[in-house]
Amino acid sequence: MMDVSILNMKAPIRWINQYVSESVTGFGTAADEKVRSLKDYHKLIQDARNQSKGVPYKAVIKTAYRPKMQGAYQAVFNDEILVSIGTKKNAHHITLWMSTVFQWDDHKWQLILFHGSMPNLNTSSEDTFHIEEATKKVVELEQKVAEKTAEIQERNKALEIETALEKVRAVAMGMKQADDMLLICKIISEQLTKLGVQEIRNVQTAIFNDRGTYMNYEYYAKHNKTIVTEVDYKGKGVHAKQKKFAQIMMHTRKAIYTEQFKGAQLKKWYAYQKGTNQLTDKFLLKAHSLNYYWFS
């Protein structure tokens, strides 16, 4: 019976019929391996053979042949079986415990009950109910899930950023005149919003010249408005922050400059812009702060 069931994957399955009862019951090593008939037992064997097809396979019973008799008509076996699947680095070794009950009936011994299991070789009787083991596995699993989730989120974010960049590049490559810069500002604003940047006031592109002015192409998200203005950066009455912005941007191609206006500073900045040819943004009257991020 063991030869056909697990030791020899090439033995004809029909041979098992003489050793297994029509009403055999038992459990295999998987949760859904529940046998209630000879037909179920046939399927159990066939499934195992299908899974091991084309893969080097070897199974050996480690225990001696020693049936334990229960009266004159029942015999019980408890076997330890070592299964090796694959070769070399890809070899996979499994230990199986198989308990079987045979009954003498109609002048022959037949399997009436069996139970298979795969012991965890890293456990011991000191943790009978595997509580410590289970807790440790849960912690390890949670850690792995957290790491994997973070990795996936990072990849997804990188893909989202790359997709956003491609959309901006596509518009930039289609530029034919200077005013097309306005569309680039708008698409940048839209893509930043999709990436989770909140409260975007405007996106602007400043192109400096030697006359002391820069052409400012702007898209105001809260107004859904585009505007082009020529702005002074070193003339009389120019705001100190505006001069600093121009100096830093023109100093190097890798310059980054940030500025924040809050409270009284923000009110003064609003009053200053109101006296220039720049857009007077009434949203600033209610804003907690205004933050600029400039990149050369």
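Q: Rings of Phe, Tyr and Trp (its six-membered ring) pair if their centres lie within 6.5 Å, and their planes count as stacked when under 30 degrees apart, edge-to-face when over 60 and tilted for the rest; how many aromatic pairs does the structure hold?
A: The structure holds 16 aromatic pairs. Please keep in mind that this is a predicted model, in which local features need pLDDT of at least 70 and side-chain atom pairs count only at pLDDT 80 or more, while totals for chains, interfaces and linings use all residues. Residues are numbered from 1 along each chain as its sequence is written, and side-chain values use heavy atoms, leaving out hydrogens and water.

Q: Why is the pair of Tyr-214 and Tyr-233 called stacked?
A: The ring centres are 6.4 Å apart, with 20° between the planes. The limits are 6.5 Å for pairing and under 30 degrees for stacking, so the pair passes both. Tyr-214 sits in strand β9 (residues 213-220) and Tyr-233 in the loop between β10 (225-232) and α5 (240-251), so the pair links parts of the chain 19 residues apart; helices (H or I, at least four residues) and strands (E, at least two) are DSSP runs, numbered from the N terminus. Both tyrosines belong to one aromatic cluster that also includes Phe-245, Trp-269 and Trp-294.

Q: What makes Gln-278 buried or exposed?
A: Gln-278 has a relative accessible area of 10%. Buried means under 20%, exposed over 50% and partly exposed in between (1.4 Å probe, protein chains only), so Gln-278 is buried. Its place is in the loop between α6 (263-274) and β12 (289-295).

Q: How do you know that the side chains of Gln-278 and Gln-273 make a polar contact?
A: They come to 3.3 Å. A polar contact is a pair of N or O atoms within 3.5 Å (within protein, one must be able to donate a hydrogen and the other to accept it, and residues adjacent in sequence count only if both atoms are side-chain atoms), so this pair qualifies. Leaving out residues up to four places away in sequence, Gln-278 also touches Val-231 and Gln-242, where contact means heavy atoms within 4.5 Å.

Q: Which class does Lys-62 fall into, and why?
A: Lys-62 has 55% relative accessibility, and the limit is over 50%, so Lys-62 counts as exposed. Lys-62 lies in the loop between β3 (57-61) and β4 (68-70) and is in contact with Glu-80 and Leu-82, its neighbours within four places left aside.

Q: What makes a set of residues a nonpolar core?
A: The set must consist of buried Ala, Val, Leu, Ile, Met, Phe, Trp, Tyr and Cys residues joined through side-chain atoms within 4.5 Å. The largest one has 25 residues, with Ile-16 and Tyr-41 among those with the most contacts inside it. A second, separate core of 18 residues includes Tyr-214 and Phe-245.
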